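Reader: Hi! Could you walk me through this one? I'd like to start with helix packing and then look at some rings.

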Amino acid sequence: MRHEAITESELSAALERGEFLLHYQPQVDARTGRVAAVEALLRWRHPRRGLVSPAAFIPAAEESGLIVPIGDWVLRAACRQTRRWRDAGLPPARMAVNLSARQFSDVLLARRVADALAESGLSPADLELEITESMMARDPDAAARVVRSLRAAGVRVMIDDFGTGYSSLASLKRFPVDGLKLDRAFVRHLPFDRHDASISRAVVALCRDLELDLVAEGVETEDQRAFLTALGCGLLQGYLTGAPQPPELIPDLLEPPRVAA
Ligand code: C2E
Ligand code: MG
Ligand code: MG
């Protein structure tokens, strides 16, 4: 099939028809193997194209501004799903939601977040918002205010894809976030690439000193897991510990292994 450009009207129709859905990827405690959080990852079940990945439509959604209502749907749907897992008696795991630049600069963000939490009866600490360095670079003062207000409300804020944007270190000083997600680019060639090994070692040390949580993204191999765990990286996310998957497969990951009596 031809890959025609995705239009604004297609995206708004998709939202109206309920064609968006979320997959969830576990973030696993490197030491205990427990699922500490799951990240909500947006998918579009397109009537002709099949399951479309976010890279294919988020830029168009961002450009048209439709990412704001779509992102709001994501936030609410992720919170509702968290509530369902809680109600089913599953061990709690935080819900991580990606924010786009437009959402991050939306004056109604704090209100939307509060509404999504209230609607599903979650506490702010159950929710983690992922932002990127580039969102903070645009208007650092305004961005710092947004991060502070979210955290004052008790919501966690993480810097996604850390190390790939601008002003990584300055941003840490300016934005009191809860933690970083080390971009997959630095994980991919571990433990063999000397530069990536040294970068990840430095980021682990930085997070330890600044008391920030650290999630390594894109962990695919046992060697990567062993290396990052030995360094002291707290959380691992990647195909090795669980690919993004539909919500019905998550309960098995949240439930700790049963010990035979
Ligand atoms: P991200 O937030 O950095 O999410 C991680 C991406 O890495 C996901 O791609 C995930 O499927 C992929 N991934 C996870 N583990 C591995 C691994 O071991 N190896 C490899 N090669 N890849 C892995 P996905 O789901 O295609 O999402 C891509 C990006 O789209 C996300 O990157 C995020 O920036 C954006 N995105 C996803 N959902 C949303 C959303 O609801 N709102 C917004 N604004 N952006 C979203
Ligand atoms: Mg993310
Ligand atoms: Mg990332």
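Author: Happy to. Keep in mind that this is a predicted model. One place to begin is the crossing of α3 and α5, which is right-handed.

Reader: Which residues of α3 and α5 make the contact?

Author: From α3 there are Val68, Asp72, Leu75, Arg76, Cys79, Arg80 and Arg83. The α5 side brings Arg112, Val113, Asp115, Ala116, Leu117, Glu119 and Ser120.

Reader: And how does that contact split by class?

Author: Six residues are nonpolar, one is polar and seven are charged.

Reader: Nice. What angle do α3 and α5 pack at, and how far apart are their axes?

Author: The angle is about 30° and the axes are 9 Å apart, with α3 covering residues 67-87 and α5 residues 109-120. Angles under 35 degrees count as roughly parallel, so α3 and α5 are roughly parallel to each other.

Reader: On to the rings, then. How many aromatic pairs does the structure hold?

Author: Four. One of them joins Phe20 and Trp44, a tilted pair at 5.8 Å centre to centre with 45° between the planes. Phe20 sits in strand β1 and Trp44 in strand β2, so this pair ties together parts 24 residues apart in sequence.

Reader: Is Trp44 buried or exposed?

Author: Buried, with a relative accessible area of 1%. Trp44 also pairs edge-to-face with Phe57, at 5.6 Å centre to centre and 80° between the planes. Phe57 lies in helix α2 and is buried too, at 1% relative accessible area.

Reader: What do the ring pairs link into a cluster?

Author: Phe20, Trp44 and Phe57.

Key
Residues are numbered from 1 along each chain as its sequence is written. Chains are lettered from A and ligands numbered from 1 in the order in which they are written. This is a predicted model: local features need pLDDT of at least 70, side-chain atom pairs count only at pLDDT 80 or more; totals for chains, interfaces and linings use all residues. Side-chain values use heavy atoms; hydrogens and water are left out. Axes are lines fitted to C-alpha atoms, for helices over the stretch in contact, and angles run from 0 to 180 degrees between N-to-C directions. Helices (H or I, at least four residues) and strands (E, at least two) are DSSP runs, numbered from the N terminus. Angles under 35 degrees count as roughly parallel, over 145 as roughly antiparallel, 65 to 115 as roughly perpendicular and the rest as oblique. A crossing is left-handed if the near helix is turned anticlockwise from the far one by less than a right angle, and right-handed if clockwise. Contact means heavy atoms within 4.5 Å. Ala, Val, Leu, Ile, Met, Phe, Trp, Tyr, Cys and Pro count as nonpolar, Asp, Glu, Lys and Arg as charged, and the others, Gly among them, as polar. Rings of Phe, Tyr and Trp (its six-membered ring) pair if their centres lie within 6.5 Å; planes under 30 degrees apart count as stacked, over 60 as edge-to-face and the rest as tilted. Buried means under 20% relative accessible area, exposed over 50%, partly exposed in between (1.4 Å probe, protein chains only).
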